Amino acid sequence: MKNPFIPRKAIIEKITYLTEKEAHLLLKVDEKGFSYKPGQFIEVGLFGFGEIPIGFASSPNRLPYFEIVVRNVGRVSGAIHKLKEKDEIYFRGPLGNGFDVDFMKGKNILIVAGGIGLCPTRSLIQYILDNRKDFKDFVLFYGTKTPQEQLFQEDLSNWRVMKEINFCETVDKPSPDWKGNVGVITTLFKKVPINPDSIVVICGPPIMYKFVMAELSGIGIPKKHVFVDLERRMKCGIGKCGHCQINDKYVCTDGPVFRFSEIENLEEAL
């Protein structure tokens with residue numbers, strides 16, 4: 001087992017900006033045996049600046065290339081935003097527990113992503129599309145405050161016309177040329193009938209969770225069939241610093257993917 005404290009090296013193959021704050025990095029790792037599961041994360045860092053936890057934004061089927069999205073909100077992320085193509089970047093991982101894709105196979109899937117929550121769930125979305133025959137109906141709900149905050153515009157264009165995915169999107173505040181749904185993400189439940197035996201994945205701002213769970217409860221989806229991605233509060237990534245501890249759970253090692261039934265009674269979990 002590789003020492004979790006020793007960083008790996010990756011080369012930045014391409015950088016694009018999804019918004020003014022979000023940089024989309026395509027990385028290449030030349031290391032035999034490197035792999036990960038959708039929902040896992042890495043600690044991305046630069047010597048002299050530190051490191052930050054970032055979820056994988058692409059399917060492990062695409063290795064040796066993988067993708068991440070870095071929001072410019074601090075010292076480390078700001079330094080990463082100044083990097084150029086062919087620069088080196090360092091990371092530790094993969095870390096944490098990802099989605100139980102084997103449990104999901106053969107079942108209907110609903111993914112509910114809000115804002116930047118599309119980034120870590122994109123790894124699972126791509127994985128399902130790469131292995132589409134292994135899953136039943138696939139529904140994706142995506143909501144943002146405005147059309148300008150939507151991420152992965154090329155993906156969105158493809159998903160809108162693909163038969164392999166039932167993609168529904170909404171914005172809180174439309175622009176003059178917006179022709180889609182207007183309203184919070186829970187309004188999309190009126191657009192598509194969701195099978196009560198679906199497996200559900202939720203990732204987005206904390207306030208979104210309780211309203212989505214209310215909708216799922218009304219449909220009759222068991223809480224043990226709902227998975228939530230809590231990529232927040234993490235720091236060291238290996239359960240040593242205690243920064244992400246919630247009662248007896250560490251988000252970085254017990255998660256970041258949890259069944260809702262595991263954490264519904266944990267104060268401050270959501």
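A salt bridge, as the term is used here, is a side-chain nitrogen of Lys or Arg within 4 Å of a carboxyl oxygen of Asp or Glu. One example is the pair Arg71 and Glu22, whose side chains meet with N and O 2.4 Å apart.

Good morning, colleagues. What you see above is a predicted model, in which local features need pLDDT of at least 70 and side-chain atom pairs count only at pLDDT 80 or more, while totals for chains, interfaces and linings use all residues. Residues are numbered from 1 along each chain as its sequence is written, and side-chain values use heavy atoms, with hydrogens and water left out.

Let me return to that pair. Arg71 belongs to strand E5 (residues 65-71) and Glu22 to strand E2 (residues 22-28), so the two are distant parts of the chain, 49 residues apart. Helices (H or I, at least four residues) and strands (E, at least two) are DSSP runs, numbered from the N terminus. Glu22 is buried, at 4% relative accessible area, whereas Arg71 is partly exposed, at 36%. Buried means under 20% relative accessible area, exposed over 50%, and partly exposed in between, with a 1.4 Å probe and protein chains only.

How many salt bridges does the structure hold? There are 13. Among them is Glu88 with Lys9, the closest N and O atoms being 3.4 Å apart. Because Glu88 lies in strand E6 (residues 88-95) and Lys9 in strand E1 (residues 8-17), this pair ties together parts that are 79 residues apart in sequence. Glu88, at 34% relative accessibility, is partly exposed; Lys9, at 45%, is also partly exposed.

A further salt bridge joins Arg122 and Asp155, at 2.6 Å between the closest N and O atoms. Arg122 sits in helix H3 (residues 118-130) and Asp155 in helix H4 (residues 153-161), 33 residues apart. Both Arg122 and Asp155 are buried. Through shared partners, Glu67, Arg122 and Asp155 form one network of salt bridges.

I turn now to the sheet. Seven strands form an open sheet with mixed pairing, in the order E10-E9-E8-E7-E11-E12-E15. Strands E10 (181-182) and E15 (257-259) stand at the edges with a single partner strand each, so one side of each has no neighbour in the sheet. Two strands pair if DSSP finds at least two bridges between them. Strand E12 (residues 226-229) pairs with E15 in the antiparallel sense over 3 bridges, and Asp229 has Val257 in E15 as its bridge partner.
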